[in-house]
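The sequence and structure are shown first.

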Amino acid sequence: QFGAVLDMVLDRSSTAALHVVAAVQNPEYAAPLVFMVGLDVSSHFMQMYASLVEGRGSHKNVDRDEWALLRAYYSNRILLFVICFAAETFFVVATVLHLGGPLVELRN
């Protein structure tokens, strides 16, 4: 259980850091990015807390009566990977585009 909580905390911390970098680079999007950090942290905290209270082995173990989107996200490892990969790739691409350089000449 400690490892699962630690994994979730580290994931949320890295995602929050990416959001902060994006907000610093793009101040006009700071409010929505801060909102997304709050939503990300609070939703994962609630899911983790509920799974620990219910005695589930992992916050990724979702019952059949859970919300369909949540069930699809946690039960389909391919979907989970694609969504996480796309989110992280978005922040990497946004940072590269902001920093400029030879890779970004297509933007102009």
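Helices are DSSP runs of H or I with at least four residues, numbered from the N terminus. In this sense, Met36 belongs to helix α2. The model under discussion is predicted.

**Overall architecture**

The secondary structure amounts to four helices and zero strands, and the order of elements from the N terminus is α-α-α-α. Of the 108 residues of the protein, 19% count as buried.

**The largest pocket**

The largest pocket has a volume of about 820 Å³. Its lining consists of 28 residues, of which Arg12, Asp40, His44, Tyr73 and Ile83 lie closest to the centre. Helices α1 (2-25), α2, α3 (68-75) and α4 (77-99) each contribute at least two residues to this lining. The largest share, eight residues, is supplied by α1. The composition of the lining by class is as follows.

| Class of lining residue, largest pocket | Number of residues |
|---|---|
| Nonpolar | 15 residues |
| Polar | seven residues |

**The salt bridge**

Side chains of opposite charge can pair when their charged atoms come close. A search of the whole structure finds one salt bridge. Which side chains meet in a salt bridge, and at what N to O distance? The partners are Arg12 and Asp40, at 2.8 Å from N to O. Because Arg12 lies in helix α1 and Asp40 in helix α2, the pair ties together parts that are 28 residues apart in sequence. Arg12 and Asp40 are both buried, and both are among the residues closest to the centre of the largest pocket.

Helix α2 spans residues 30-54 and includes Val53. Is Val53 buried or exposed? Val53 counts as exposed because its relative accessibility is 57%, the cut-off for this class being over 50%. Together with Phe45, Met46 and Tyr49, Val53 forms a nonpolar patch on the surface, and these residues have about 470 Å² of accessible area together.

Met36, also placed in helix α2, has a relative accessibility of 39% and therefore counts as partly exposed. That class lies between the limits of 20% for buried and 50% for exposed residues. Met36 and His19 are separated by 17 residues in sequence, and their C-alpha atoms are 8.1 Å apart in space.

Notes. Residues are numbered from 1 along each chain as its sequence is written. This is a predicted model: local features need pLDDT of at least 70, side-chain atom pairs count only at pLDDT 80 or more; totals for chains, interfaces and linings use all residues. Side-chain values use heavy atoms; hydrogens and water are left out. Patches are made of residues with over 30% relative accessible area and no salt bridge: like charges are joined within 9 Å, nonpolar side chains (Val, Leu, Ile, Met, Phe, Trp, Tyr) within 5 Å. Accessible areas come from the Shrake-Rupley method with a 1.4 Å probe; for residues, only the protein chains shown count as cover. A salt bridge is a side-chain nitrogen of Lys or Arg within 4 Å of a carboxyl oxygen of Asp or Glu. Buried means under 20% relative accessible area, exposed over 50%, partly exposed in between (1.4 Å probe, protein chains only). On a 1 Å grid over the protein atoms alone, a cavity is a set of points where a 1.4 Å probe fits but cannot get out, and a pocket is an open set with protein on both sides within 12 Å along at least five of seven lines; lining residues have an atom within 4 Å of a point. Grid points are joined across faces, edges and corners, and a volume is the space filled by probe spheres set on the points. Ala, Val, Leu, Ile, Met, Phe, Trp, Tyr, Cys and Pro count as nonpolar, Asp, Glu, Lys and Arg as charged, and the others, Gly among them, as polar.
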